[in-house]
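Hi there,

Here is the structure I promised to pass on. My notes on what turned up follow below it.

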Amino acid sequence: MTVLDNDILFYQLTDEIDRSIATAQAFLDYKRGDMTFDRFVMDAMEIASASPLYHSKFHREFIEAQRSNPLPHGSSGSSLTAICDYDGIFEAVINGGVWPSLTEGELNDLWEFGVDYSTKMFQKLVY
């Protein structure tokens with residue numbers, strides 16, 4: 001079986017990407033003044049809590065740290081870049097599951113699928 005035939009991996013990866021995009025959109029809404037920072041934190045925590053990879057203490061610290069990040073959205077250290085960190089999402093999905101039987105080719109296929117999906121979803125963000 002190839003990874004492309006393993007729907008559960010794709011669902012888990014796309015679900016995590018969708019959560020990061022929803023969090024990024026909430027962050028952009030906050031930055032635009034459409035919500036308070038406290039509302040953003042509550043929304044981000046609620047979005048993340050649906051994930052099997054969720055750890056509330058670490059996630060809350062990460063989200064609250066975004067308040068003081070002065071870097072512009074396009075920079076490599078920006079809040080938006082951190083929230084939508086595909087490398088981190090991919091690693092969390094692969095390391096969070098039991099996927100020791102995946103070959104390098106299967107991992108590459110999954111990686112490429114996720115990169116394409118993540119890029120497509122990132123382009124839908126409303127600034």
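Predicted model: local features only at pLDDT ≥ 70, side-chain atom pairs only at ≥ 80, totals over all residues.

Y30 has a relative accessible area of 18%, so Y30 is buried (buried means under 20% relative accessible area, exposed over 50%, partly exposed in between, with a 1.4 Å probe and protein chains only). F27 counts as buried too, because its relative accessibility is 1%.

Residues are numbered from 1 along each chain as its sequence is written, and side-chain values use heavy atoms, with hydrogens and water left out.

Now to the rings. The structure holds ten aromatic pairs (rings of Phe, Tyr and Trp, the last by its six-membered ring, pair if their centres lie within 6.5 Å; planes under 30 degrees apart count as stacked, over 60 as edge-to-face and the rest as tilted). One of them is F10 with F113: the ring centres are 4.5 Å apart and the planes stand at 90°, so this pair is edge-to-face. It ties together distant parts of the chain, since F10 belongs to helix 1 and F113 to helix 6, 103 residues apart. F10 counts as buried because its relative accessibility is 11%, whereas F113, at 30%, counts as partly exposed. The rings of F27 and Y30 have centres 6.0 Å apart and planes at 55°, so that pair is tilted. F27 and Y30 also form one aromatic cluster with F37 and F40.

F37 and F40 are among the buried residues of helix 2, as are V41 and M45. Helix 2 runs over residues 37–49, and what covers its buried residues includes helix 1, helix 3 and helix 4.

F40 turns up again in the largest nonpolar core, which has 30 residues; L13, I17, F40 and L110 have the most contacts inside it (such a core is a set of buried Ala, Val, Leu, Ile, Met, Phe, Trp, Tyr and Cys residues joined through side-chain atoms within 4.5 Å). Helix 1 gives the most to this core, with ten residues.

Enjoy exploring it!

Conventions
Helix = DSSP H or I, 4+ residues; strand = E, 2+ residues; numbered from the N terminus. Expected span 1.5 Å × (residues − 1). Contact = heavy atoms within 4.5 Å.
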